[in-house]
Amino acid sequence: MNLPQNVVCTNNANAELANFIKDTQSKIFVLVDENTEKLCLSKLPILLDCGAEIIRIKSGECYKNITTLSQIWTEMSERKADRKSLFINLGGGVIGDMGGLAASLFKRGIKFVNIPTTLLAQVDASCGGKLAVDFNNLKNEIGLFRNPNKIIVDCNFLQTLPTNQIVSGFAEIIKHSLLVDRDYFEEISSFDPKNPDWNLLSNIVETSIKIKNEFTSIDPTEKGVRKMLNFGHTVGHAVESYTFSTNKPLLHGEAVAVGIVCELFLSNHYMGFPIQNLIEVTKLIGTYFPSCSFKMDIYQQLINLMQHDKKNSEGKINFALVSNFGKYQYDINCSNEDICQAFSFYNQLIL
């Protein structure tokens with residue numbers, strides 16, 4: 001497995017960025033939120049040295065929308081950005097998704113760089129070229145595919161994160177292990193996201209990026225096998241969208257963890273995923289992730305949200321499921337009755 005050509009894993013993001021921007025002939029813009037401005041911007045002194053202009057947005061999934069996108073474009077226009085400008089996204093998945101979309105559409109597309117500062121963004125959101133904003137309380141409803149010109153992954157940024165953000169990113173790593181082999185699952189099972197071994201985490205991050213690249217390089221626009229990267233996300237996105245309207249919204253990875261459990265149940269039912277493996281994975285998830293109880297009276301709401309999943313066809317909810325570690329199938333239609341049983345399976349685990 002190889003890293004994507006546009007990705008570099010390093011312990012000196014500043015030097016990598018300095019080398020990349022040295023030939024930039026126009027203005028450089030940096031998109032940050034209040035957290036990355038405070039905790040991460042100082043780790044990139046080259047941006048101050050080159051006079052980069054800072055665009056600030058508020059942190060959180062609730063701001064990943066067209067209103068914020070319009071704010072970014074307004075500031076770029078007022079500061080006279082042109083087609084030779086460079087746009088740098090310094091932050092997590094929200095920053096990367098939204099900033100990449102802003103750069104891709106501004107003046108029909110300018111260069112952009114992702115410097116992911118969360119575990120979730122490093123192993124998943126910053127790589128693969130998916131860019132989007134949420135719309136009408138639906139995840140990633142408006143977007144496109146376009147790869148960053150450069151992705152600079154430096155695990156030193158992860159040491160600025162609270163524990164729940166490390167745990168959230170760990171969900172995508174668990175997903176990757178299900179798509180490759182048991183050996184990788186056993187490797188990540190020895191990692192404690194609540195007490196990280198940073199050297200081990202650096203190796204895991206690089207491996208997970210390579211795994212994702214195996215799928216995206218074959219199928220860049222998600223017409224086939226790349227759909228497997230959505231394992232856990234059909235249910236996960238619905239749960240995440242539902243919690244947007246509650247007083248306890250889940251982080252993306254927390255919702256995906258719920259989705260992994262539910263979709264492993266469906267994998268067992270439809271694909272024969274071994275029950276012992278199901279127990280092992282759900283035990284690992286239960287060790288680190290907060291529980292999310294949802295009553296039977298919202299099952300239909302979750303199914304309604306799942307109807308908007310972009311993998312669906314002809315009104316049928318399609319899943320990417322696994323029959324074992326490294327063995328999988330996509331475009332599997334599951335009945336509403338079985339989906340509700342998966343919800344109940346998850347609820348029984350946390351009671």
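Trainee: In what order do the six strands of the open sheet come?
Mentor: The order is E1-E8-E5-E4-E2-E3, with parallel pairing; strands here are DSSP runs of E with at least two residues, helices are runs of H or I with at least four, both numbered from the N terminus, and two strands pair if DSSP finds at least two bridges between them. This is a predicted model, where local features need pLDDT of at least 70, side-chain atom pairs count only at pLDDT 80 or more, and totals for chains, interfaces and linings use all residues. Residues are numbered from 1 along each chain as its sequence is written, and side-chain values use heavy atoms, leaving out hydrogens and water.

Trainee: Which are the edge strands?
Mentor: Strand E1 (7-10) and strand E3 (53-56) are the edges, each pairing on one side only.

Trainee: And how many bridges join E4 and E5?
Mentor: Strand E4 (residues 86-91) and strand E5 (residues 111-116) are paired in the parallel sense over six bridges, and Phe 87 has Phe 112 in E5 as its bridge partner.

Trainee: Switching topic, which residues of H12 are buried?
Mentor: Taking buried as under 20% relative accessible area, exposed as over 50% and partly exposed as in between (1.4 Å probe, protein chains only), the buried ones are Asn 277, Leu 278, Val 281, Thr 282, Leu 284, Ile 285 and Tyr 288.

Trainee: Why are they on the same side of H12?
Mentor: Because they cover an arc of only 155 degrees around the axis, the arc being that of the directions from the helix axis to the C-beta atoms. The face turned away from the buried side of H12 carries the exposed Ile 275, Lys 283 and Gly 286.
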